[in-house]
Structure formats: C-alpha cells, structure tokens
There are 2 protein chains.
Amino acid sequence: MPDARRYFDLPSPFAFKRGGALVGATLAYETWGTLDDARGNAVFILTGLSPSAHAASNAEDPSPGWWEDMIGPGKYIDTNRWFVICANTLGSCKGSTGPASTNPATGELYRLDFPDLTLEDVANASFALVRGLGIERLACLIGNSMGGMSALAYLVQHAGSTRSHISISTAPQAQPFAIAIRSLQREAIRLDPNWKLGHYDDAHYPEAGMSIARKLGVITYRSAMEWVGRFARIRLDSGEREEEPFAVEFQIESYLAGHARRFVRSFDPNSYLYLSRASDWFDIGEYAGGNVARALAAIHLERACVIGVSTDILFPLTQQQQIADGLRTGGAEVDFVALDSPQGHDSFLVDISRFGEAVARLLASLQGMPIK
Amino acid sequence: MPDARRYFDLPSPFAFKRGGALVGATLAYETWGTLDDARGNAVFILTGLSPSAHAASNAEDPSPGWWEDMIGPGKYIDTNRWFVICANTLGSCKGSTGPASTNPATGELYRLDFPDLTLEDVANASFALVRGLGIERLACLIGNSMGGMSALAYLVQHAGSTRSHISISTAPQAQPFAIAIRSLQREAIRLDPNWKLGHYDDAHYPEAGMSIARKLGVITYRSAMEWVGRFARIRLDSGEREEEPFAVEFQIESYLAGHARRFVRSFDPNSYLYLSRASDWFDIGEYAGGNVARALAAIHLERACVIGVSTDILFPLTQQQQIADGLRTGGAEVDFVALDSPQGHDSFLVDISRFGEAVARLLASLQGMPIK
C-alpha cells in the first residue's frame, strides 16, 4: 500500500500536562508543496478526532485524502504557494504514538497505561514537529473540529508562533451537550464486555460499543435538515433487510450502519477514549482564570478566519462567534464566516466550495492581498 | 402503595394494524373530575413513550403525577370543569397489556411474541376505552410527544370523534434524525448480551443497553442551551467520583446517570423496543397517498392548539407548523404556539406556565370563550 507518512521523533521524554511522559514517541505526518527559503510559507493542519495525516493525495500516496478537494496545486490551499503539513494527532492510531503503541518500558502495548492525554499535549507535540522542521513561525495554523481546540491550545501556549489562524467548527471550551454526547460514546465502549479495561484483541474486540459510539458520532456530525432531504422515510428493499427482530428498515439506519462498519476496526477503541476525554477536558478559560473571552484575547495574531455552520449541533455557531470576538479583541483582523450549509458539523468536509473560499481568502490576505 | 388505576377490557380479540391480535388485553387508566350528564366534558390524554396513566394526583393516589401542575382543580386543565382521562399506552408496562404481560395462549410472557405494535393500535385501544366509558365525542384530545403521533392516528382513523385537539411537540411522521436516535437506542438494548432476544429476567437484565438508551433519550429531550446555563463545566466533587478509568467527572454526566438509574429497572426493555419502533413507523401521510398535508387536512376539528418549542431537536418546530397548517386547512380554528422555552423537547413537562396558558386557552374556547 502506498504510504506518504514520515515520522518525527518527539523530544524524549515528552512530558504530558497532567503528568506522565512518553519515551521515544513519534508523530506521523505528511507534507505537500515546498518550504520556501525564508521558511515563511508553512501551513499546519490539526485534525478532528479520527482523521489520519493523509489530508490529500501526494506523489507517494495518490489515494484521496480526507480534505482532498481543499489541498493541492491550484486548490483552495494551493500547494504551489504553501508548504502544507498535517500530522496524525498524538494519542491517535494512524502512525503517531498512542494507546495502541508499544510502551518501550514494558514491551507491551500502552493501552490504559498511556498517560492522561490533553489537547495541550496534542498541541505541544505538533509544535515540536513544526520546530523540528525548522519552521520558526507558521504562516497559518488551521484546526477543524477537535483540531480547532488543539489549535487554540497551540496558540495559547506558544505566543508568536503563528501569523494567522483558521478556526473551523470548534469550541473554546467543551460545553455540556458535547460532553454528554462524548461521555455516552465512551460509555458504550466501556460497557462492551469485550473492552475489558482496554485489554481487547482482534478476536475479542469491542465491536458493539464502537459501533454505537460511531453512529452517535455521525448523528451529531450531520444535521436533521440534511437527512430530511437525503433520506426522508425511504425504506430498504426487502432483500437488503436482515431477518432478526428490530433489524434496520430505513435507509438512514443503513447509512449509519455503513459508517460504523467502516470505522469500528479502523480506529483503536482506547485511542478513541483518550481523544474523546481530552476534548471534554479542553477549556481555554483555564488560561485566564476561567474567563474564555480573556484567554482568547491574549492570543495575538495578524489575521484569523473563523468559520462555523448554523446546523452544527455539536459545535454551535455561538461558540464560533465567541472565538471570532476573542481573537479580534486580541488584535487580529478577523473574518467571521457563518454558513448555513445543511451538512451540520461535517460541512467542512462536504461543502468544500464555501469553506474553501473563506480559507483561500485568508491565505491570499497573507500575501498582501486584502480580505475581500 | 396507593393505586388509582382502573382497568378496561379491550374488545377481544383486539386486532393489530400489521396483523396479529391480543386476547383478553386491558388498558390501565386513571380519571380526574366528573363526566357531566351530556358526556360532553371529556378530555383524553395520550402520553409519550414512558409515562404511566398517573398524570396527576387524585383521591386514590395522592402521589404527584407526571403532569401534576397541569391537571387538577383550578389548574390549567381544570378538573372542576373537565373529566380527564389518561391511559397507559397499549404495549407499555404500567398496567396496560404489553410485551411484559402474560400471553393467555401460552401462559408465558409475550416478550417478542407480542404482535408488531403501531401507534394506530395505541390509538384504537384508547378509542375503545373512550367508547367504553360511554363517551361518543371527546371535548378535547391531548397528545404529547409520541402521544401526539398517537393522537393524529386517533383523529385520522376516527372521524368526528373529537371536538378539539391539543398537539404538543410531536410529528406528523417520523423524520430520519428521530429515527436515527431511536434506532440507536434500540440497538444499544439489542446489543446488550443480557437482552437475549427479549428473554432477559431480573437477574440477567439488559441494564447497560437500557442505560445508554435512556441517556441518549435525555440528551435529545433537553437542550444544549439549557445545559450551558445549568451545568456549564461544573465538575463533581472528588468524593462523588468513581475510581474506574474514564469514570464520570462532570455534573452533566452524573445528571444523565441519575436519569438512567431511575429508568432502567422501571421500564420494560421489550416495551421500549416496541414503542420506539412504533414511533419510527408512524406516518400520517399513509392516509393520503404519502401526502402529509393532505392527510392532516382530512381531519376536521372545531379547534386545535398546536404547541412546539424552538429548542426541540427531536420534534422540530417545523413539524409543529406542518400540523397546525394541515389542521387549519381541514377547517379547524388553530392556535399555533411557538415557544422558546430552553428545555427542549421536555419543555411541556417543565415550562408548565407557558404550556398551561395555551392549553387553558383552548379549553376555555370550547365553553364559548374566545381564543385570545
């Protein structure tokens, strides 16, 4: 299988915010485009909970990435101009060190011996990678969803490390609705008898718990409005239905089942638990005595673009407005873009043209072109 | 324990819409107030998925009911004027015949041998009870949540049976977002190893599945906005926390846990599955070649009051508007009440004063007082 990943050795030991440290840990990352001589054209992307570093196709791996239509030569994030980096999140399972990696101290998998992970640790690992690539200052730090929280953790901890920021469908702190959803996803995994306090294996795998967690995720990532138009009350053909009692009957149910099927074995359940909890823990207010607005205003950027979607129930538009206001108070010229894309939280993966326009506008402004 | 329930013997056999029939089935119900000589002051309440017939305290059972502040002498539904009836839903487990009842043909519990239940069956059982009480025509039929769908099933099947209707936070057809949520709740129960295709017992009970189902229910019954104000990011005291990995930490999580704890053993899991699926199946459009508006317009009422809440994600306001428009086209004088209560779908149980005013206004208009 083609693989474009490179591996960056994190400083060792790599200490975590809440205690504990990793020895010999690595981050998997991919790049697109060329770093210019002034090292001034770097764009770093922090991802949501589950994506890999493969944000787009490249020479070594021509398979489409998770933001394929956004990144590439002549695309919204134009790799003819920008040197783009995307890392797999620390604690994930797509090449970076996480709970499914081997603990060099024991020779066993970390599982729940992995230290308590926070998004600050995710941010700090990414910062180490950026510095390791010889980049003093990013042209732009982009964060989507959980990656948007990681980006705020990056900015609040590393003043002056970034000229501009694109914040997409995220939160300055986890709110109770999102915590409730994530807590329930974790509970579904933890209650699966195969989870065994993290000691599952391929033969005894928390399939049911992961399936429920993923389906609940998909329900909150999209929107009721989109589904009325897309699925309405269309039923499966009788040939597609299973015989068991209360089996799925509507297309919407089989859509969720398909999402779960593709996800369950491709993402490590312990990684899921760690990253999910890290999202609940995130609160930028901690950096200003509990005051979110003040913590955001302490971030000083040249420019920022904050994009949100009115149909997003997980990261509501009010939280995007909060980020935009805070960064503006901190001195950034802020482009706040409220979209009414029907696809809910996932819109940034689907409604590429509208997100792309806003992203491209910010990037263009960095090259002396005005924000239109 | 005080008990105000009476039991009505349904016609036997009682045939179901999708086939099958019950022999010797009963509905548990309670009443408040006195039926007048003309039998013209009857108000019937169809409930949501889980409530019992005990909507309010009465002489035989002084414990508070689930709509205690709404029903009683001098209250919004004034039992000095109205004869109020509330039945436990057919298929439920609070006294009416359901999957947890004994099948007289076998002497065993029905479990999954209970016939496929629809809300039309729920409606028809309620209609039989109303007729059995000697009432030709209800003054008002009230339906909340799932009960609102049952009420539409009642009205569409029994023309002329009701003068007026109060429709609260419900749907003329199940939409894909609500189907997705309910399907996932059912899956959590079905995947619980203790469910055993319905053959659980008290010692081996699908506790985990029911807990997930209930928590997901509560998440969709309330609103993100309410929880920001109510729980924010408040954490439990360390003494309240469990030691296990990924244990609950935030108040919102313990709030959900409390709801689950109170529900899990008090509601029959098979009943839950049957009623949940019946909700997915409901589509009033079936009565007019798939056209919801036309099906609603075929219902002829004197008056209707349709109440919905902008923060309800399970039964969105657009669906309440659809019901109001349809009933108006059918000739009813309709009072459409869109509230911005913060408590989401559950507002009708919490924001009693605003719901009560609308309910009282409709009832007053039946006695010749105008809808204000």
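Trainee: At what angle do α3(A) and α4(A) pack, and how far apart are their axes?

Mentor: In this predicted model, the angle between α3(A) and α4(A) is about 165°, and their axes lie 7 Å apart.

Trainee: Why are α3(A) and α4(A) called roughly antiparallel?

Mentor: Angles over 145 degrees count as roughly antiparallel. The angle here is about 165°, and the two helices are therefore roughly antiparallel to each other. The crossing of α3(A) past α4(A) is right-handed.

Trainee: Which residues make the contact?

Mentor: From α3(A) they include Ile181(A), Leu184(A) and Ala188(A), and from α4(A) they include Met210(A), Ala213(A) and Leu216(A). The residues of this contact divide into nine nonpolar, four polar and no charged.

Trainee: How many residues bring chain A and chain B into contact?

Mentor: On chain A there are 40, in contact with 40 residues of chain B. The largest share of the chain A side, 12 residues, is given by α3(A). That side comprises 29 nonpolar, three polar and eight charged residues.

Trainee: How do you know that the copies meet through the same surface?

Mentor: Of the interface residues of chain A, 100% are also interface residues in chain B, so the copies meet through the same surface.

Note on methods. Residues numbered from 1 in each chain as written. Chains lettered and ligands numbered in written order. Predicted model: local features only at pLDDT ≥ 70, side-chain atom pairs only at ≥ 80, totals over all residues. Contact = placed C-beta atoms within 7 Å. Helix = DSSP H or I, 4+ residues; strand = E, 2+ residues; numbered from the N terminus. Nonpolar A, V, L, I, M, F, W, Y, C, P; charged D, E, K, R; others polar. Axes fitted to C-alpha atoms, helices over the stretch in contact; angles between N-to-C directions. Parallel < 35°, antiparallel > 145°, perpendicular 65-115°, else oblique. Left-handed = near helix turned anticlockwise from the far one by under 90°.
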